[in-house]
2 protein chains.
Amino acid sequence: MAVPADGSIRRFSLAIDAMGGDHAPDCILDGLELAAERHPQAQFLLVGDEAKLRDALARRPRAAKLCVIRHAPDAIPGDMKPTVALRQGRKSSMRLAIDAVANGEAAGVVSAGNTGALLALAKIVIKTMPEIGRPALAAITPSARGDVVMLDLGANVQCDARNLIEFAIMGDAFARAVLGLPSPTIGLLNVGSEELKGDDRVRQAAEVLRDGHAQLNFHGFIEGHDIAAGTVDVVVTDGFTGNVALKTGEGALKLMRDLLRQVFTSTIPARVGYLLARPALERLREWMDPRRYNGAILLGLNGVVVKSHGGTDATGFAHAVDVAMDMVTHGFTQSIREGLSRLATHAAAPLAVPPIAAQQD
Amino acid sequence: MAVPADGSIRRFSLAIDAMGGDHAPDCILDGLELAAERHPQAQFLLVGDEAKLRDALARRPRAAKLCVIRHAPDAIPGDMKPTVALRQGRKSSMRLAIDAVANGEAAGVVSAGNTGALLALAKIVIKTMPEIGRPALAAITPSARGDVVMLDLGANVQCDARNLIEFAIMGDAFARAVLGLPSPTIGLLNVGSEELKGDDRVRQAAEVLRDGHAQLNFHGFIEGHDIAAGTVDVVVTDGFTGNVALKTGEGALKLMRDLLRQVFTSTIPARVGYLLARPALERLREWMDPRRYNGAILLGLNGVVVKSHGGTDATGFAHAVDVAMDMVTHGFTQSIREGLSRLATHAAAPLAVPPIAAQQD
């Protein structure tokens with residue numbers, strides 16, 4: 001559990017911000033205890049209050065085997081603005097975990113802390129891959145035909161064709177690494193599926209993706225209802241539309257759950273009916289368990305960055321660790337580089353446009 | 001049922017495209033027969049194949065009392081391109097119904113025909129109100145707290161701040177006329193609810209709506225999940241985002257319905273449970289009956305234009321007629337004019353920008 005005696009830089013699978021989230025550090029450590037079963041070869045750099053973490057690890061034997069503690073005297077509060085976190089959070093658990101990725105000690109970082117601070121610090125400290133114009137925020141959502149990757153979810157409220165093409169390449173690499181798909185289908189979200197629909201941005205991006213040089217399995221344009229239908233494995237869109245679409249779909253499912261709860265408590269026969277159907281309904285509940293879909297992933301940096309929901313439990317945090325481990329072990333970053341280089345070699349006219357500089361906020 | 005003997009122009013409540021949609025004209029006439037009960041004072045100009053319509057009306061006594069037939073030798077096929085419909089559809093039922101609005105015979109038009117053709121013909125023939133930059137497509141959707149109006153749904157894939165402000169005014173007028181709300185709350189869709197979120201467009205629009213001169217009940221920014229939650233009565237957004245959000249929400253609800261169907265047929269106890277809960281589930285089904293939400297409305301033209309879904313039944317078509325009648329009888333167009341003039345009198349800086357010319361496609 002100690003830092004190696006020879007003082008050499010040790011390569012960790014992941015740096016874990018042990019102090020981020022509503023129930024830190026206990027929920028974080030319980031999550032690692034669960035994740036440790038699935039990733040016995042992993043090595044975690046556990047960043048936070050050393051005394052607390054030492055006690056907590058003593059009660060979690062599986063996690064203890066995989067963790068090295070690094071002391072961080074501070075933690076970034078959930079309501080701190082990113083700009084303030086950047087100036088005042090230099091000794092925080094989140095910052096020191098991010099620093100470990102930036103300096104090559106860890107391949108990725110997982111945090112359940114302040115979202116705005118994590119995204120801003122990660123972009124500035126870990127930095128965007130030189131080949132990528134702008135990083136994107138991705139998530140996995142349920143569909144009728146299995147899990148679907150969606151990006152961007154709000155890292156970039158305005159995007160051009162080049163950004164969308166890069167999102168497609170990153171989404172492809174992510175779906176290979178995390179969903180284990182050999183050739184994920186990619187759809188570009190639009191207001192109609194015909195080639196002439198939409199604005200210049202999506203039409204230009206579709207043209208490049210269609211010409212095949214990127215060697216993606218490009219399905220073409222998709223519409224909003226295709227997300228839940230699972231028409232494609234990867235849904236590519238700008239951050240404004242993606243953010244709205246993700247939250248709209250979640251909102252509709254939540255409404256339906258609330259209404260079903262009302263229905264099943266409204267009358268005595270309905271209550272009995274619920275009890276009879278419960279085992280079958282339970283599978284539905286498991287299928288759409290938000291903990292299974294916990295974790296927003298910032299793609300396109302020089303390292304893996306996964307944000308766990310702040311209010312999740314140990315199971316949810318363990319899922320976020322799973323996603324990060326899949327990215328680390330299945331060569332996600334290398335896969336992006338290959339996709340981009342294929343594109344650069346054969347680049348068609350719209351890609352001659354130099355990538356827009358990464359937005360540093 | 002005949003045209004007045006004196007040949008005077010008669011004022012119809014609505015012109016009805018009797019030949020548009022999958023089951024025309026029977027489904028259209030059945031819909032009018034239903035709508036006739038709720039609108040006994042209405043007068044409908046029924047446009048289509050005269051011989052067929054005469055026979056069909058003879059079997060629908062309530063509708064027959066309110067309808068005058070106008071012969072149209074052609075009908076626009078569902079797959080005809082708008083540009084072709086414009087050139088070749090001059091004698092079609094859809095075009096003659098639209099002409100009746102343009103020349104002042106009817107206050108509005110309802111069609112279940114080709115959507116692209118209807119929107120294009122209506123914009124070109126009926127024309128945009130002089131005070132409005134661009135018309136918008138609106139619809140009513142269900143939420144946890146009652147019906148919600150959403151616009152734009154795809155008439156304009158790119159919008160500026162001025163367009164969004166006009167959409168807010170039109171959405172307000174529509175919610176007053178159709179939902180009967182004295183002071184509908186208006187929300188601007190964004191990626192977060194804080195004032196600094198989003199792009200310049202939404203921030204500029206929010207600034208003008210917030211200053212109060214438009215005298216709208218402006219709630220501020222809302223997010224995707226607020227649509228189903230019913231946080232506001234009117235959801236304002238650009239046509240790209242609105243189209244994606246509407247279809248994403250519909251897709252999520254459809255997925256949930258499909259999964260519930262699977263759950264309730266998966267085991268014998270689940271089937272019995274379904275039978276017991278059925279009366280309560282039936283209320284849920286009624287509540288989200290797509291026929292209740294049938295009708296996309298093109299707002300901002302010099303007349304009322306309602307598009308019924310092509311595959312709907314008589315009940316769905318009657319709902320589309322209800323919406324059009326509410327707009328005609330509750331002074332929708334006048335209400336927009338008043339909203340715009342309030343804004344013009346007090347216009348703040350961003351509104352000094354002249355409205356963009358209506359897009360004629």
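Okay, let's start with one pair of residues: in chain A, A:Ala139 stands opposite A:Met150, which sits in β6(A). Keep in mind throughout that this is a predicted model.

So which strands does that pair belong to? We're looking at β5 (residues 136-141) and β6 (residues 148-151) of chain A, which pair in the antiparallel sense over four bridges. As a quick reminder, strands of a sheet pair through backbone hydrogen bonds, either parallel or antiparallel.

Now zoom out to the sheet. In chain A there's an open sheet of 11 strands with mixed pairing, and the order reads β3-β2-β1-β4-β11-β10-β5-β6-β9-β7-β8. At the edges you'll find β3 (67-71) and β8 (217-222) of chain A; each has a single partner strand, so one side of each has no neighbour in the sheet.

On to domains. The assignment for chain A gives domain 1 as 1-126, and domain 2 as 133-293 + 332-361. Taken over C-alpha atoms, the centres of domain 1 and domain 2 of chain A are separated by 29 Å.

Let me hop over to chain B for a moment. Strand β6 (residues 148-151) of chain B runs parallel to strand β9 (residues 234-236) of chain B, and three bridges join them.

Last bit: how do the two chains relate? Chain A can be laid on chain B with an RMSD of 0.0 Å, using a turn of 180° and a shift of 0.0 Å along the axis. The two copies are thus related as by a two-fold rotation axis. The same surface serves both copies, too: 100% of the contact residues of chain A recur in chain B.

And which residue of chain A comes closest to the rotation axis? That's A:Gly273, with its C-alpha at 1.8 Å.

Technical notes:
Residues are numbered from 1 along each chain as its sequence is written. Chains are lettered from A and ligands numbered from 1 in the order in which they are written. This is a predicted model: local features need pLDDT of at least 70, side-chain atom pairs count only at pLDDT 80 or more; totals for chains, interfaces and linings use all residues. Domain bounds come from an automatic or database domain assignment. Two strands pair if DSSP finds at least two bridges between them. Helices (H or I, at least four residues) and strands (E, at least two) are DSSP runs, numbered from the N terminus. Copies are superposed by least squares on the C-alpha atoms of residues with pLDDT of at least 70 in both. Two residues are in contact if their C-beta atoms, placed from the backbone, lie within 7 Å.
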